[in-house]
Amino acid sequence: MSAHVAIIGGGVTGLSAGWWLARAGHRVTVFERFIVGWEASGRNGGGATHYQSPLFHEEQRLWPLMDELLGYPTEYQRERIIINFTPEEEARYRHMGELTTAMGYTSEELDPQQLRELAPLAGNNALSARYNHFGGHANPQRTVQAYAWALQDHGGQILQHTAVDGFTTARGQVTGIVAGGTTHGCDAVVIAAGPQTASLLQHFDIDLPLASARAEMIVTEPLPLMPIGGVDGNGLYGRQTLRGNLAYGGGPHEWLDDSDYQQPARPSTPLLRDLARRLATMFPRAAHARVIRSWAGIIENTPDGRPVIDRLTSPSNVTVATMSSVGFGLSPATGRAIADLVTTGTCSFADISKLGIGRFAGLSADWREARGWVTAQ
Amino acid sequence: MDTDRPTDPCAIDGKFAAPDEHAQLLVIGAGPAGLAAAIAAAEAGLSVVLVDENPVPAALMGLDVPLFYGQRMNPAVQEDARMVERIVAATPAIETAFDAGVDVRLGVTAWGTFANGAALNALPARVAGLADGTKCWMCGFDALILATGARDLVLGFEGIDQPGVMGARALHSLLARYDAFDGKRLVILGSGDLAATTALAALDRGLEVAALIEPLAEPQAAPHLVQALAARAVTILTGATIMRAAGNATGVTAAVVTAVGSDAPEYLDCDTICLAIGAVPAIELAGVLGCRLAFRGDLGGHVPVLSNDRATSVPGIFAAGDCAGLTDEDTSIAQGREAARHAAAWLQNPAPAPAGISAAPLPIGTDTTPYRMAWMRGLLASGGLQAPVCLCEDVNRAELLGIRPPRYLGCTSNKIAARDSSTLLKDGPLNPDQIKRLTRAGMGPCQGRRCREQIALLLADASGTAPSAIPLASYRAPVRPLPLSLLGEGASMQEGWDVWFGIRTQWIPYDAIGTAEEARLLEDGAGGNMHA
C-alpha cells in the first residue's frame, strides 16, 4: 500500500531514503531549508569505505550500481589506498586488512614502488601502503543531485527553502508537517536533518544527544589523474576528483554550541595551511600544485560517534537517522535501511539494532562538557 | 578559564599558533584609496602595514591574476625588480607613504583574512594570510582597511581564450603602471567612459584603435569623451557586437563583429580585443571575512554593506575605494582618508559593529546592470550558445544553461538530457554555487574572476530574474591560487591531529560493539582508530 512519507532534510541520507521509498511506489515529499546537499552532504571527502558499519556490505554492493540505478552520474570510483608513513600506521592498517579480510574483502600491502605505480603523486617518504580492493569514492555534490533528480523521476517532491516549524499529531502518530505556514499531511516521517535532528526531536520531548562541529577541507588545481584516486594518509582523508583536483581534509574540528546556524556562512580558517603542508608531504610530487579553494562544513556527532537509525515508539510513524559525521559513503545503504524501517519497521538486510536511540538512556545531561565537546572559551 | 574543564584533545581549541607578526592597522591594496588611508593613519600616529599583491609574478599574470591580462604582457614583466621600480615610479604616493612611516610591502598577497564570527570562535586573533613569491605567513591586526580595488568584467565570446583578449583594467595596468603592453592595434568592446578613456590612453601611447564596439544605438561615454574620440577619428560601431575573435598561434588577428542579431561578419584587424564594458568591485576578502554584502548595480556589483563610518558588518574592518563601489580617484582618496579616521577612532574605542548598519545610501550613479545585460543579450544574439563561459573548466553557455555534467564524464543518459536550468528552476531560484558544482563553471583555478558575472547574467536572463536577485557565488580562501608547498610552509599543528574526530568508538567494527573484543580494540592503540 502506498503511503505519503515526509522526509525532513535534503542531505544524502534523507534523499537516499526518499529515493528508495519513491521507487517502491510511495509518495515522498522532502523538506529542505536551503538547497539539496547544501550542508555536509555536499562537502565532504566522498569516501565509500566503512568497514565498521553494519551497512558495510550493502554499501559495497550498491555503489557500483548507483549510476545505473539513479540514472545520473555520481563519479563513483572503486578501491582505496592508505599510505603508511610510520610503523605504527603500517601496523594499524595491517590490522584493518585482517578485519576486512575476515569480512570477505581483499586487501594487500604495497611497497613504495608499487604505491607510486598506483598513486604517482606519492614520493619516496612513504614506508608502505594498504591497498583495499574494495571501497571507493564518489563526488558528493553530483551524488546529492543524482538522488534528488532520481527521486523526482519517481514522482517525489522536493521543497527547497522550506524549513520545518513543527508537527501535527493525533493518536500517537504524526499527521502533518508544519512548514512555511502550511500543514502538509503525511502518513510517516523521516527525520534526517543533520545537526538539526536533535532540535526537531524536541518537538516530541525526545532527547537525542548530538554535538555539532565545523571541519575543513582544501582543494587544489587539477593534476594528472592517478590510477587510484582514493588515497588517504598523513592524517588526511580525501580523493583526487575525476577532473584531477586533490580535495583533502582532516585535523582539528571546532565544536559549536549552537546547532542551528541559520546563516549559510561556513567559514574556513588558517587551518588550511596545515592541510596544505600535510598534503604536500603526503604527495611530494604535487607540492607545486596550487590550492584554489577551501571549505568548511558543520556535522554532528553522537556521544559514541555511531549512527542512530531507529524508528521511534512514539510517535510510532517517525524514523530518525543521524550518521554521526560519517554519512555520505553509507548513504545508498542507509537510505534503503530507513525505507525498510518506514515501511516494515525492520531493516531487511542487516542487523542495525545496536544503532537505536535507546542506548543513550541514562546519559548524563553534561555529556558534552564531560568530553570537552563544547565551544572554545 | 576553568583549568579543570575537560577538553577534547582533537578539537581546535588552543591549536592556532600566534601570528608571525602583528599590525595595529593593516591596509590591503596600495591604490589611491589604500595609500590615502595608510598615509592618513600613519600621520595620525597609527602603526600601519600596507600590502599590495602587485607586482604579481609573471606566471600568475599569465593566469589573469588579479586582472584579465590576456597574455598581452611583454617579457619585461619577468623582471621583478623592474616591476617594483615601475610601480613606485608610476605611483608617487608610495614614496609619501614611506616618508610617513608606513610599512609598505609590494608583491605581498593577502590570500585570506579571518575573524571570529558565526560558526567560528576558535581564532585567538584576527589575522590575514600573507604571501610573497617565496614564503607565507600570518599577520594579526587590530583594525583592517580593505582597499582591494576592482577587477575586469569579462563576458565571453568564441575565441576569448586566445592571447590578446584582455580587460581594460589590465590594459591600463600594462600601459601606465608597468609599461609592458605587447600589442599595437586594438578593438575596444564598449563605448562608455571606461572604453573611451581606454581608447584615448591607448592613442596617447601611440597605439592604434581600430574601433569601439557598442551594442546600443548611441555611444555611451560622456559627451566630452565622445567628442575627444571623434577629434581623433576613432570609429564607434553602434548597434554592433562581437561574434568571435579570429586568431592564429600568436593570438588574436581580428575581431569578427556584426550588427546585433545579424550573422553577417565584418573583420576588424587587430592584435588585441579589450573588454571595456565595465569593472567589478574586488570583494573576495570581504566575502571570506563574512562581511555583509549587497548587490548594488550603481556601484558595479556586490559590495560590502557599510555604515556611515565606512565600517563593514565585521567589527574593526573598514572598506574604501573601488572595492566598496566603483568610483573615481578623488573620491577613492577621500574615502581612504575617511576610513583611516574612523579606523583610528575605532581603535581608541573598539565598539561592536553597529547593529543596524545605516540604511543603504541612495544610488550614487547610473545602474550598471541594464548596460551589462544589453551586452550579454547582444553577445547571445550574435555569438550563440557555444561561446565559452568558464575558461578554466571549458564550459560553454549551452552546457551552463543545460546543467550538463563536464564532458570528461562522458555522460549521455536520456535522463540527464532531460534536465536543464528550466527544470532546476522548478526546485527554486537558480543558485550559481549549485550550478557550479554540477557544471564546474566557476570552479577552476581563476576562482571565478573571469566568469562569475557572465554566469549571473546568463542565469538571470534564462530565469527571467533580475541580476540583482541571483545569489553571489561564494568566495573562499585562499583568494589567490598558492602552491601547497608555499601555503603550508611554517604551518606546525601536530598535537591532537586526527584524520577525523578522534572518537575511538566510532571505528569499532559493528559486530564487536558490546563484546570483549570492543574493549580489547579500545585498549589497543593500533586497533582503536582506523578511519578509512
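In which helix of chain B does Gln434(B) lie? In this predicted model, Gln434(B) is part of helix 14 (residues 432-439) of chain B, where helices (H or I, at least four residues) and strands (E, at least two) are DSSP runs numbered from the N terminus. Residues are numbered from 1 along each chain as its sequence is written, and chains are lettered from A in the order in which they are written. Local features need a pLDDT of at least 70, side-chain atom pairs count only at pLDDT 80 or more, and totals for chains, interfaces and linings use all residues, while side-chain values use heavy atoms, without hydrogens and water.

A word on confidence comes next. The model has an ipTM of 0.96 and a pTM of 0.97. The average pLDDT (the predictor's confidence in each residue, from 0 to 100) is 94 for chain B, with 95% of the residues scoring at least 70.

Back to Gln434(B): this residue counts as buried because its relative accessibility is 7%, buried meaning under 20% relative accessible area, exposed over 50% and partly exposed in between (1.4 Å probe, protein chains only). Apart from neighbours within four places in sequence, its contacts (heavy atoms within 4.5 Å) are Ile35(A), Val36(A), Trp38(A), Gln145(A), Gln160(A) and Leu424(B). Ile35(A) sits in the loop between strand 2 (27-31) and helix 2 (56-62) of chain A, and is buried with a relative accessible area of 2%. With neighbours within four places again left aside, Ile35(A) touches Gln160(A), His161(A), Asn431(B) and Gln434(B).

The axes of helix 1 (residues 32-43) and helix 9 (residues 329-348), both of chain B, come within 7 Å and cross at roughly 35°; axes are lines fitted to C-alpha atoms, for helices over the stretch in contact, and angles run from 0 to 180 degrees between N-to-C directions. Among the residues making this contact are Ala33(B), Ala36(B) and Ala37(B) of helix 1 and Ser332(B), Ile333(B) and Gly336(B) of helix 9.

Finally, helix 5 (residues 168-177) of chain B has Ala168(B), Ala170(B), Leu171(B), Ser173(B), Leu174(B) and Leu175(B) buried. Their cover includes helix 2 (58-61), strand 9 (185-189) and helix 6 (193-204) of chain B. Just after helix 5 of chain B, Asp179(B) adopts a positive phi of about 50°.
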